[in-house]
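Please read it with the model open alongside.

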Amino acid sequence: MRRWSLNEKGHAGTSPWGCRDHVSPEDGFGDEAVPSAIMRRAHREKLRLCDALEKLADALPNVDRLQCVGVANTIVPLLREIHRYEETVVFPAYEAALTLAESKLACTNRLRAEHLEDECYADELTEALLAIGHGDRIDNAEAVGFMLRGFFESVRRHIAFEREHILPRIGFSGL
């Protein structure tokens, strides 16, 4: 069975999600903890991204342009890898744990749709942050701040929903 571990040693401009084929003992996880550990790391990385975006929004219009470039280069790869893991491992496990009546609620369909929306929004944010990072003037700091806040608040809500409803149902506790 192929197990994935996430590498947290990413730097600005690179994805922090270097996948490995195994989890070594020094990772501190037993075989049964691997999905839970991955989700903990995924949520931690997404929340770090949200914190970085919030700091940029708070600093507008005087943002650190290098920080804009670093965050811009991280958003899309980070989300795509986490979403892929959730959709191929977490959501199928959740769907298998549902009763017949619960399965009609289409919760995972909504979450998958949110993933698509988040990735589209992330593309727009990346474009805006790269422009700012490369020296474009911020004509409307309020609009850019609204854009940043709309994204990171949505991501935080998504994480909260997963922690409260999805993960406990499939035995990923302590997240």
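**Notes on the model**

1. The side chain of Arg65 reaches the backbone oxygen of Asp136 at 3.2 Å; a polar contact here is a pair of N or O atoms within 3.5 Å, where within protein one must be able to donate a hydrogen and the other to accept it, and residues adjacent in sequence count only if both atoms are side-chain atoms. Arg65 lies in helix 2; helices (H or I, at least four residues) and strands (E, at least two) are DSSP runs, numbered from the N terminus. Not counting residues up to four places away in sequence, Arg65 touches Ile132, Gly133, Gly135 and Asp136, with contact meaning heavy atoms within 4.5 Å. Its C-alpha is 8.3 Å from that of Leu129, although Arg65 and Leu129 are 64 residues apart in sequence. Arg65 is partly exposed, at a relative accessible area of 33%; buried means under 20%, exposed over 50%, and partly exposed in between (1.4 Å probe, protein chains only).

2. On the basis of the note: this is a predicted model, in which local features need pLDDT of at least 70 and side-chain atom pairs count only at pLDDT 80 or more, while totals for chains, interfaces and linings use all residues. Residues are numbered from 1 along each chain as its sequence is written, and side-chain values use heavy atoms, with hydrogens and water left out.

3. The chain contains 5 helices and 2 strands, in the order β-β-α-α-α-α-α along the sequence. Of its 175 residues, 41% are buried. Among contacts with a separation of 6 or more, 75% are between residues 24 or more positions apart.

4. Which residues touch the most other members of the largest nonpolar core? They are Leu53, Val71, Ile75, Leu129, Leu148 and Phe151, in a core of 29 residues. Helix 1 (34–59), helix 2 (65–97), helix 4 (107–133) and helix 5 (141–169) each give two or more residues to this core, and the largest share, 8 residues, comes from helix 2. A nonpolar core is a set of buried Ala, Val, Leu, Ile, Met, Phe, Trp, Tyr and Cys residues joined through side-chain atoms within 4.5 Å. Val71 is in contact with Leu49, Ala52, Leu53, Leu56 and Leu129, leaving aside neighbours within four places in sequence. Another core, of 12 residues, lies apart from the largest one and includes Phe91, Tyr94, Leu167 and Ile170.

5. There is 1 aromatic pair, where rings of Phe, Tyr and Trp (its six-membered ring) pair if their centres lie within 6.5 Å, and planes under 30 degrees apart count as stacked, over 60 as edge-to-face and the rest as tilted. The ring centres of Tyr121 and Phe151 are 5.5 Å apart and the planes stand at 75°, so the pair is edge-to-face. Tyr121 belongs to helix 4 and Phe151 to helix 5, 30 residues apart, and the pair thus links distant parts of the chain. Tyr121 counts as partly exposed at 25% relative accessibility, whereas Phe151 is buried at 0%.

6. A polar contact of 2.7 Å joins the side chains of His115 and Glu86. Beyond residues up to four places away in sequence, His115 touches His83, Glu86, Glu87, Phe91, His158 and Glu162.
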